[in-house]
Amino acid sequence: MNRREFTQAMLAAGAAIPFGITRAAGQTRGGTLNTIIQPEPPLLVTAFNQQQPTLTLGGKIYESLLKYGADLKPMPGMAQSWEISPDGLTYTFKLFPNITFHDGKPMTSEDVVFSCMKVLTETHPRARQNFARVASAEAPDPLTVVFKLKQPFAPFLGCFDCTSAPIVPKHIYEGTDYRKNPLNDKAIGTGPFKLKEWVRGSHVHLVRHEGYYLKDQPYLDEIIYRIIPDSASRALALENGTVQLAQWTDVEFFDVQRFKAQKNLEVTTKGYEYFAPHQWLEMNNRIAPMNDKRFRQAVMHLIDRDALAKRVYFGSAKVATGPISSKTKFYDGKVKRYDYSIDKAKALLDEMGLKPDTNGKRAEIKYIVPPYGESYQRAGEFFRQSFARVGIDLVLVGTDMAGWAEKVGNWDYEMTQNLLYQLGDPALGVSRTYVSSNIKKGILFSNTEGYSNPEVDRLFDEAAVTLDEAKRLELYSKVQQILVEDVPVAWTLELEYPIIYDKAFKNIVSTGIGSHETFGSVYKS
Amino acid sequence: MDAVRAFLRHPSGMVGLVVLLVVVVIALIAPIVFPVSPWEMVSAPFTPPGEDGLLLGGDTLGRDVAAGVAYGARVSLVIGIASAMAAMVIGVTIGAISGYFGGKVDLVLMRVTELFQTIPAFVLAILLVATFNPSLLTIILTIGAVSWPPLARLTRAEFLRLRNREFVEAALCQGEGTLQIVLGHILPNAISPILVVTSLTVATAILLESALSFMGLGDPNLMSWGFMIGAGRTVIRNAWWMSVFPGLAILITVLAINLFGEGLSDVLNPRVSRRRS
C-alpha cells in the first residue's frame, strides 16, 4: 500500500462511520453498576497518571477524540468525523456540538489543543512522543481541530483513545502547575460520568453527567468503584453479586475457571485488543551486573516461562518471544529463542566473570514486587527460585503503588516486573520502552531500564514515519532481532486478562479498550 | 532445684514444655528432613495432602506445605524469642529506673509507658513495619517496641515492693553503688514474675509476627506461618490444606508456650498461684 492508497483507506474508514451513535432498541435508562478498583489509584486525572486503576476509573471521567473497535479501527469519540490530507500531514477533526465539562463550562477545540500540546506533552510520556510529531495544532473554530505533522506518522490516528489523549479543561489548568492544581481532586472531565465522592480506602462514587453530549447517554445512573484490597473478598463480592463487574487483576487467575461455571456471569478475554498486555522482568541496565548483555541473556535462559504461565497465571498467558506481542501485526517470531536452560545461563554468567563464591552465591539483587495483587507476589517468588538455581539471591522488597511508581520512574531499582500495553502499533506501544530519546527520569513507562542503541533508535524512528506496511514490517523485523539479542528487559508473558460481568449489563465490552472505556453506552436490562 | 522438681510434677506445664520441645526439634531438623528450600516448586500446583509424596499437600505454586510448616517453625521461634528478649530489655530497664528512683523520673517514664499502652499494639506494629521496610531485624525490633509496656509496669511494681526492704537498705548502708544494688540485690528477687511474663510475651510475639505476615507485611524472603495462611487464604475453598496446617502450627505452638508459662508461674510464685498443691 502506498501513501495515497493508505490515505484513501483512512478516509474511507472515517466516512464509513455514521455520525453519532445510533441507538439500538431496548436500552433502558437507570441502574447502578457496582464494580471494583484495586489497588486504590493515587489520583483520578488520567493526564497525570497512567497506572491501570487510574485509567479504568478515569476512563469514565475523561474522554478523547476517538474510540477503537476490537479490530483497532477508529470510531467517533468526541470527534464525530475526521479527515486526513492526501500528503498524510494534516489531520482535521470535527467535534460533536454541545460537549460540556463537569463544571458546566463548554468544551471546545481550544481545550483539545491545550490538552494535547501543553499538558500532555509535559505529563504523559506516551502522549509526549505522539504530539512531539506535531508541527502545529490549531483551533480555527470551536468545533474544529487541525493537527499539522512535521512528517508523516503512520499510527497518528491511533493516538486518540481515552488513555492516550484525555482532554482536560483549559480554564482550570492554564498557567498553573498542572500536577499540583488543587482542582485535580475534583477530576473535571467531559466523560459520561462525573466524580461525586471519593472516600479514601472505601469507594469512588461516579454519577451521571447530565450535560453529556450524546442523546440519552449515559444510560446508567451511577457507577460505584469499591476498593477491595483483598482478592478473596473481591471474588466473593463478584460471586454473591455485591459487585457486577471485575476487570484486569481483580479476580486472581486461579478463580477465573470457577466463574465460568456461574450462570449469571459472563467471562471474556475480549476488550484487551488495544492493550495486548506484554509483561517482562525489568532490569536496570545502568547497574552491574545487569549492564552486561550476557547477564540479561542468562536471565532469559534461567526463567522457565512455560512453568511461569502454568503455575502463576494458570494458563491465562502465552510465552512472549520478544518486544512485540504476537497479537499485533508487526510481530516477527523468527528471532533468537531462549530456551529454559540452567546450564546455558550458568555458562553465560561464568563467561562474564560472575563466578560463584565459596557459598555458591554469585550476586545479590533487590527485586521490587509490584503491588498489583497476588499474581505479582507469586511471580516474584517464582523468579527468586529461578535465580536461586544459578546462585543469584533475589531479595524481594515490598512497596505500595506510589512507592513503586516513584522508585521505577526515578531508576532507583535493580529489578522489578513491568507490564506495558502495545497500543495497537509498535510506534505507539513498543518503541517507548527502548528508544534512547525516551530515557526520562521521573516518568513511568518510559525507557526506565536505560537501554540505548543508536541502530534501534534509527530503525524505530524510520518505521514510525514510513507509511508502507511492507517496509514497516521489514524495519520492525530488524528491530526485533537486535532487541532479542540485546535483551534490554527479559520478556516473559503475553497476559490474557479476563473481564467478568453480570449478564444483566449490556455493552460492557463494546470496543478494543474494554473496561477502560467510558461506559456511556452500558445499560442494565 | 526445688523449682525444677516442682515443674516436673506440674501436668499442664509439662505438656506445654514437651510440645514446645517438639516444635524446637522440628525447627532444628527442618533442613535435614526437607533439604530442598520451602520456596522450591516441587509438585503440581494445588496438590492435595498425601499425593505426590507431599504429606501436607502443595500450595498454589506447588510448594511443599510440610516443608513450609517446618521452616516456619524456625522463623516463628526466632522472631518470638528475639522480640520477647527485646521487649524484656526495654521493659525491665524502664521499669527498673522508674521503680528505683521514683519521683519525677517515675512520673515521666510511666506517662510514656501509658502512651504506648493506649495505642493498639498491632496498629503501631503495622505502622512501624510499613515505615521501615519489613525485614527480620525490623520485625523483631517492632514487636519488641510494642510489647514492652506490661513488662515495664511489672518490673516497676516489683521494684517498688523491694525498694525499701531491709536487705536493700543494708546494702545502701554498706555504701554499695546504685547499679550493684539494682542488679545484685533487687533484680534477682524480682526476676521470677518477669520470666513468666516474658515467656508469655513469646507467644504474643509469634501471633503478632503471623498477623503481620498474613497482612503481607512480613519479611517476603522468610517462609513463615502467617505468610502461608495469607497466601493460601484466597483459595481456602478450593484448597483448605494450604492455610489449615500452618494455622494449626500457630495454635499448637502458642498454646504450648502459654501452658509452659503458666506452669512456670505456678512454680515460681507459689503464693499467688491459682493452684494449691
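Where in chain B does UniProt place the feature "domain: ABC transmembrane type-1"? The unreviewed entry puts this domain at residues 73-261 of chain B, and in the predicted model shown here that span is 84% helix and 0% strand, with its end C-alpha atoms 19 Å apart. Chain A, for its part, carries the UniProt feature "domain: Solute-binding protein family", again from an unreviewed entry, at residues 73-436. The two chains touch, with 16 residues of chain B in contact with 18 residues of chain A.

**Chain A as a whole**

- Chain A contains 15 helices and 21 strands, and its C-alpha trace extends over about 75 × 55 × 40 Å along the principal axes.
- A compact globule of 525 residues would have a radius of gyration near 24 Å, and because chain A has 23 Å, the value agrees with that expectation.
- Buried residues account for 53% of the 525 residues in chain A, and among contacts between residues at least 6 apart in sequence, 71% join residues at least 24 apart.
- The span that UniProt assigns to the solute-binding domain, residues 73-436 of chain A, is 27% helix and 22% strand, and its end C-alpha atoms lie 30 Å apart.

**Helix 11 of chain A**

- Helix 11 covers residues 374-388 of chain A, and its 15 residues should span 21 Å at 1.5 Å a residue, which agrees with the 21 Å between its end C-alpha atoms.
- Because 12 of the 15 residues of this helix are buried, helix 11 of chain A is largely enclosed by the rest of the structure.

**Two contrasting positions in chain A**

- A:Ala276 sits in the loop between strand 12 (265-268) and strand 13 (278-283) of chain A, and it counts as buried because 24 C-beta neighbours lie inside 10 Å.
- Leaving out residues up to four places away in sequence, A:Ala276 touches A:Ser325, A:Lys327, A:Thr328, A:Tyr421, A:Gln422 and A:Glu494.
- A:Ala276 and A:Ala154, which are 122 residues apart in sequence, are 19 Å apart from C-alpha to C-alpha.
- A:Lys478 belongs to helix 15 (residues 469-486) of chain A, and because it has 17 C-beta neighbours inside 10 Å, it counts as partly exposed.

**Chain B as a whole**

- Chain B has 11 helices and 0 strands, and its C-alpha trace spans about 75 × 45 × 30 Å along the principal axes.
- Of the 277 residues of chain B, 45% count as buried, and residues 24 or more positions apart account for 69% of the contacts with a separation of 6 or more.
- UniProt, in an unreviewed entry, lists residues 12-34, 77-101, 122-146, 194-218 and 239-260 of chain B as "transmembrane region".
- Among these, residues 12-34 are 96% helix and 0% strand, with end C-alpha atoms 31 Å apart, while residues 77-101 are 100% helix and 0% strand, with end C-alpha atoms 35 Å apart.

**Helix 6 of chain B**

- Helix 6 (residues 136-147) of chain B has 12 residues and reaches 17 Å from its first C-alpha to its last, close to the 16 Å expected at 1.5 Å a residue.
- Its buried residues are B:Ile139, B:Ile140, B:Thr142, B:Ile143, B:Gly144, B:Val146 and B:Ser147, and what covers them includes helix 3, helix 5 (121-131) and helix 9 (178-214) of chain B.

- Aside from its neighbours within four places in sequence, A:Val299 is in contact with A:Leu281, A:Met283 and A:Ala490.

Methods
Residues numbered from 1 in each chain as written. Chains lettered and ligands numbered in written order. Predicted model: local features only at pLDDT ≥ 70, side-chain atom pairs only at ≥ 80, totals over all residues. Helix = DSSP H or I, 4+ residues; strand = E, 2+ residues; numbered from the N terminus. Expected span 1.5 Å × (residues − 1). Buried ≥ 20, exposed ≤ 12 C-beta atoms within 10 Å, placed from the backbone. Contact = placed C-beta atoms within 7 Å. Rg over C-alpha atoms; globule rule 2.2 N^0.38 Å. UniProt positions renumbered as here; feature names shortened; annotations may be inferred.
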